[in-house]
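Open the model in your viewer and keep the sequence panel beside it. We will go stop by stop, with a selection at each one.

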Amino acid sequence: MNRNKQMHAPVYEALECLKRRRVVPFDVPGHKRGRGNPELVELLGEKCVSLDVNSMKPLDNLCHPVSVIKEAEELAAEAFRAAHAFFMVGGTTSSVQSMVLSCCKAGDKIILPRNVHKSVINALVLCGAIPVYVNPEVDNKLGISLGMQVAEVEKAIKENPEAVAVLVNNPTYYGICSDLRTIVQVAHAHEMLVLVDEAHGTHLYFGENLPVCAMDAGADMASVSMHKSGGSLTQSSLLLTGKNVNWEYVSQIINLTQTTSASYLLISSLDISRRNLALRGKESFAKVSRMAEYAREEINSIGGFYAYGKDMINGGSIYDFDVTKLSVYTRDIGLAGIEVYDLLRDEYDIQIELGDIANILAYISIGDRIQDIERLVGALADIKRLYAKDPEQMPNAEYIKPTVCVSPQTAFYGEKKSVPIRETEGMICSEFVMCYPPGIPILAPGEMITREIIDYIIYAKEKGCSMQGMQDPAVESLFVLTGKY
């Protein structure tokens, strides 16, 4: 990586140049550098609003970059060791969907774990591809799904030799990593592409002693949430491609769905954040790792909580662990993760990333401070002292192994009816049901509804999980397929 080149931020520099020229705007956006919306300026600041501009020749165009955006993407590709990098302004949802749509068309099979983010299955709804699930092992104590076993991936490939790609979550929300290098080797030996949902792995490209990143493992495409651990603005992301991918075709796919009015606030934040990581990422993520490990030790010393880490590695379903993820099991103090999540926010003014049935996740990254870690640890000790109760029987899994009856696209667009959720056992779901975050569907279109799944949904709702994906916001009924499929 050329450090001197990485010191530049071409898009940001072009914006600064434009601002100095005091150009009179007779284009969109209509707030005209904030003059037409003083409340917006008061909220965001004059400099921010003045940089919310439209695509123009000096600033390039994200749909067909030829100058400063093109240069910024080339710098990102170099920093992330990819053949090509795309700036994405529709979040990593857009990046993941573009990745899948670039490889799959109607009827194609794609091998993937069932604990994928909803954006993956949404892409299958759009393109009509058929999922072949490699159901990962589940840690029955923690209630989380683990990584993809190489032997299970090989089995799925041999049973579905016509599949076009293998998709891997790496790392998962909770920090679990699969043996990505070997999965890539196996898939490539069978002429299948490897796509990596690397939403939670920006730091893997810059930190030391962390799990392997997708591009170093030889993956063909990777979706990277720069706004999560990389420091860019919310909704900004990267799509990376390897040397064996036709990036010009991927660009066409991206332009099917990505906005033609891309935000320069998001684009420039990607540019500046890439520069920051390229120049200071190594030391920044070393600090993040130290803080996370310190927090893990302190939380485990409280008793009752289990902040898991590298002690989980087994060389198979947990091939490696991302120590920057501070995932904490809460059931032993008699509280669901979502209950601890709510207590931290409502009683201690601490906002963590997620709470599920059994765990919480505190997302630690480059903006955190050791005093914030101390505050979190103190609050958890207080919660144990004040709110702990006898552990109750809780559902065992983050998701329940599904039976796929029809493709997601067929189910989503098929004839359907609304049925009270308690009466849907044995029917085929035609919509999504999920707790968000983490956004892993409990049910996806085309899957059989079982009594176990119904009980899990009702329990998650009662515990206060944010339930999404259904037409019924009260989660009292589900849309199911009618007729025969």
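What share of the 485 residues of the chain counts as buried? The figure is 58%, where buried means under 20% relative accessible area, exposed over 50%, and partly exposed in between (1.4 Å probe, protein chains only).

Two notes before moving on. This is a predicted model: local features need pLDDT of at least 70, side-chain atom pairs count only at pLDDT 80 or more, and totals for chains, interfaces and linings use all residues. Residues are numbered from 1 along each chain as its sequence is written, and side-chain values use heavy atoms, with hydrogens and water left out.

**Stop 1: the whole chain**

Colour by secondary structure. The chain has 17 helices and 20 strands. Helices (H or I, at least four residues) and strands (E, at least two) are DSSP runs, numbered from the N terminus. The radius of gyration is 23 Å, close to the 23 Å from the globule rule for 485 residues, so the chain is as compact as a globular protein of that length. That radius is taken over C-alpha atoms, and the rule is 2.2 Å times the number of residues to the power 0.38. Along the principal axes, the C-alpha trace spans about 65 × 55 × 45 Å.

Of the contacts with a separation of 6 or more, 71% join residues 24 or more positions apart. Contact means heavy atoms within 4.5 Å.

**Stop 2: helix α7**

Select residues 118-127. Seven of the ten residues of this helix, α7, are buried, so the rest of the structure largely encloses it. Show the side chains of Ser-119, Val-120, Ile-121, Ala-123, Leu-124, Val-125 and Cys-127: these are the buried ones. They pack against α6 (91-103), β2 (109-112), β3 (130-133), β6 (165-169), α16 (408-413) and β18 (441-443). Step just past the helix to Gly-128, which takes a positive phi of about 85°.

**Stop 3: a four-stranded sheet**

Select β11, β13, β15 and β14. In that order they form an open sheet with antiparallel pairing. Two strands pair if DSSP finds at least two bridges between them. β11 (306-307) and β14 (354-355) stand at the edges with a single partner strand each, so one side of each has no neighbour in the sheet.

Zoom in on β13 (325-329) and β15 (359-363). Five bridges join these antiparallel strands. Lys-325 has Tyr-363 as its bridge partner in β15.

**Stop 4: Ala-222**

Select Ala-222, in strand β9 (221-224). Its relative accessible area is 0%, so it is buried. Which residue lies 25 positions from Ala-222 in sequence but 5.9 Å away, C-alpha to C-alpha? It is Asp-197. Beyond its neighbours within four places in sequence, Ala-222 has contacts that include Met-99, Tyr-205 and Leu-239.

**Stop 5: cysteines**

Select the cysteine sulfurs. With a disulfide defined as a pair of cysteine sulfur atoms within 2.5 Å, the count is zero. Start at Cys-177. Its sulfur is 11 Å from the closest cysteine sulfur, in Cys-213, too far for a bond. Cys-177 is buried, at 1% relative accessibility. Cys-435 is in no disulfide either; the nearest cysteine sulfur, that of Cys-465, is 4.0 Å away.

**Stop 6**

Go to Pro-29, in the loop between α2 (10-21) and α3 (38-44). The bond from Val-28 to Pro-29 is cis, with omega near 5°. The bond from Pro-437 to Pro-438 is also cis, with omega near 15°. Pro-438 sits in the loop between β17 (433-435) and β18.

Return to the loop between α2 and α3 for Arg-22. Arg-22 is not a glycine, yet has a positive phi of about 55°. At 72% relative accessibility, Arg-22 is exposed. Finish at Gln-235, another non-glycine with a positive phi, about 90°. Gln-235 is partly exposed, at 41%.
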